[in-house]
Amino acid sequence: QAAASRPRGRMARRAAPGPPGALWALALLGAVRGQQQVRWRISIAWEDESCNSVCQGFGQKCTEECWPATSQGLLNAVSTPALDGTCFAVEEGMAAAIHPAKDPANTVCYSNAGNPTSYRCPMVPSTPPARAATGHFIRRLCPCVNSTASA
């Protein structure tokens, strides 16, 4: 009943950087953010790759505004037709600022970025050399928007 009394068409505002709010949750689902729709992409290069590079490969740019803060947030992001079946499982995993990313050894996607102190879009993973030698690289999962959007 309470939901019916809320104004329609309004999204919650995020006053300051911090834990994801309603706006982030909507963006994770690919909802329209302003005039831009967030599209989640995965690295497909045969090398370690930043999200800036991943998004650029699709003619888009990475946005810092909607990183998932939980495993459920990542599950929502990869539950799109473009990423369906990408992850064998979605888990929190050990903290790494490059998360969300897909592990090359077990194909599990991890969400726990810990408490990053810098921008995450330009971060490049470091695949262990033995894995890289067999063509198995850490694959970053990246939030991308139209390249003319302000990220």
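A disulfide (a pair of cysteine sulfur atoms within 2.5 Å) joins Cys 62 to Cys 121, with an S to S distance of 2.0 Å. The torsion about this S-S bond is about -70 degrees, so the disulfide is left-handed. Cys 62 lies in strand β4 (residues 60-62) and Cys 121 in the loop between β7 (108-110) and α5 (129-133), so the pair ties together parts that are 59 residues apart in sequence. Here helices (H or I, at least four residues) and strands (E, at least two) are DSSP runs, numbered from the N terminus. Both Cys 62 and Cys 121 are buried, where buried means under 20% relative accessible area, exposed over 50%, and partly exposed in between (1.4 Å probe, protein chains only).

The model is predicted: local features need pLDDT of at least 70 and side-chain atom pairs count only at pLDDT 80 or more, whereas totals for chains, interfaces and linings use all residues. Residues are numbered from 1 along each chain as its sequence is written, and side-chain values use heavy atoms, with hydrogens and water left out.

A search of the whole structure finds 4 disulfides. With bonded cysteines counted along the chain, the disulfides follow the pattern 1-7, 2-8, 3-6, 4-5. One of them joins Cys 51 to Cys 142, with an S to S distance of 2.0 Å. This link is left-handed, with -75 degrees about the S-S bond. It connects distant parts of the chain, as Cys 51 is in helix α3 (residues 51-56) and Cys 142 is in strand β8 (residues 139-146), 91 residues apart. Cys 51 counts as buried at 0% relative accessibility, and Cys 142 likewise counts as buried at 0%.

A further disulfide is formed by Cys 55 and Cys 144, whose sulfur atoms are 1.9 Å apart. The link of Cys 55 and Cys 144 is left-handed, with -80 degrees about the S-S bond. Cys 55 lies in helix α3 and Cys 144 in strand β8, so this pair ties together parts that are 89 residues apart in sequence. Cys 55 is buried, with a relative accessible area of 0%; Cys 144 is buried, also with a value of 0%.

Cys 66 is buried, with a relative accessible area of 0%.

The protein has 5 helices and 8 strands. From the N terminus on, the elements run α-α-β-β-β-α-β-α-β-β-β-α-β. In helix α4 (residues 71-78), Gly 73, Leu 74, Ala 77 and Val 78 are buried. Seen down the axis of α4, the buried residues fall within an arc of 130 degrees, so they line one face of the helix; the arc is that of the directions from the helix axis to the C-beta atoms. An α-helix has 3.6 residues a turn, so residues three or four places apart point the same way.

Of the 151 residues of the protein, 39% count as buried. Among contacts (heavy atoms within 4.5 Å) between residues at least 6 apart in sequence, 63% join residues at least 24 apart. The protein exposes about 8,800 Å², of which carbon and sulfur atoms supply 53%. Accessible areas come from the Shrake-Rupley method with a 1.4 Å probe; for residues, only the protein chains shown count as cover.
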